[in-house]
Amino acid sequence: MKTNSSSISPLDLALSVFCFMQGTVLRSGYIINITRQDSWAMAITGFLFMLPILGVYAGLIKKFPGKNLFEIDDIAFGPVLGKIASALYLFFFVTLAALNMRDLGNFVVDFIMPETPLIAILMISLIGCVYAIRKGIRNIMHLSAFVAIIAIASIIMNSILVLKDIEPGFLKPIFQLEPMKYVHGTVSVGSLPMGEVVVFLMFIPMLGKGSKASKPILVGLILSALSMALVILRDIVTLGPLVAIVSLPSFESVRYISLAGILTRMESVYAVVLIQLFLFKISILLYSFTLGLTQLLSPKDSVPVSIGVESRIYEGGQLQCERNRPPLLFLCAALVFFYSLIIFQSVMENMDWGATTAPFFSLTFEFLLPAATLLTAWLRSFGKAREVKA
């Protein structure tokens, strides 16, 4: 008898969504460049912008229960168009993984170890992600509870310790920018990072039977929106006009912390938390990319729904464990590594792309493709219903 122990709970999924987004939330510089002192409000409007997109995801989950994104593409579009749609998602996943890998490398080189070669940072980080995935994606998602507690505790502690240095007047003038700035900021937050939760549609089969995936994703988004508003608000009232100049406002605001001259250098704690969140997010993206590529290349009758998970086999009255090894994991990690080296030449180029082109690029995969899938599935169901009646 063979049983699969790859199931995750809705709580694991909600906390994984929260941790997945925190790596981007703590790097709020891209949104502050657009909406300045009003950027904290974009966390709320961005979340509201995300709700209809989440509604599309909920529609797909309800219409195709127990199927992941690539399986849904095959069913909705057919074998050929479905593979093309899945290939587009693969490109999106590997691009996100490479972008976050490059962001992690730039952060470590710029703020922690300036004399260390970027290529070494990228390679060591990817080895860590590959090791974690080989140990099982279920274990990574269980680990989200621990990572989330550390992230939340860090945000709360830093916000309390920096209270003596804040100046509420830095929030003025309130909502005096051009309306298009707020639209731009809302779309940016809605797509970067909130829309990136589309990657969790690859994890739906791992939820237990009868579990609803939409609710945990919504809970994770709510927690992320609240933490994003708090972090940006703290950075603005601490740094003032300087917040629009520095590349990493949260890191700079934490540097203000000094408790009786004893408790200082809290940015070191922030750096450790941010690296943890980066590695968590890259692991999720690398796993999704590997699973998607494996499914795309597998024969139709042997498509895996998960990889790197443990199965338990009872043979001769004894329990034996068998792990489903991801055969393409090293190839995918190598692709992410080389892609991250060439994706951007400088931090400023990355920030400019994030503030201008990235929202519209991301929405193609986060909203247009899923919406087209849901619409196609609905039209096919409607056509079949009419044929039955006829």
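Is F92 buried or exposed? I looked it up: F92 is buried, with a relative accessible area of 0% (buried means under 20%, exposed over 50%, partly exposed in between, with a 1.4 Å probe and protein chains only).

I am working with a predicted model, where local features need pLDDT of at least 70, side-chain atom pairs count only at pLDDT 80 or more, and totals for chains, interfaces and linings use all residues. Residues are numbered from 1 along each chain as its sequence is written, and side-chain values use heavy atoms, with hydrogens and water left out.

Next, the rings. I searched the whole structure and found 19 aromatic pairs (Phe, Tyr and Trp rings, the last by its six-membered ring, with centres within 6.5 Å; planes under 30 degrees apart are stacked, over 60 edge-to-face, the rest tilted). F92 and F361 make a tilted pair, 6.1 Å centre to centre with 55° between the planes. F92 sits in helix α5 (residues 79-112) and F361 in helix α15 (residues 358-389), 269 residues apart (helices are DSSP runs of H or I, at least four residues, numbered from the N terminus). The rings of F361 and F365 have centres 5.2 Å apart and planes at 65°, so I logged that pair as edge-to-face. F365 is buried too, at 6% relative accessible area. Ring pairs join F70, Y89, F91, F92, F93, F361 and F365 into a cluster.

Last, a charge: I found K281 over the face of F20, 5.0 Å from the ring centre (the rule wants NZ of Lys or CZ of Arg within 6 Å of the centre and within 35 degrees of the ring normal).

Methods. Helix = DSSP H or I, 4+ residues; strand = E, 2+ residues; numbered from the N terminus.
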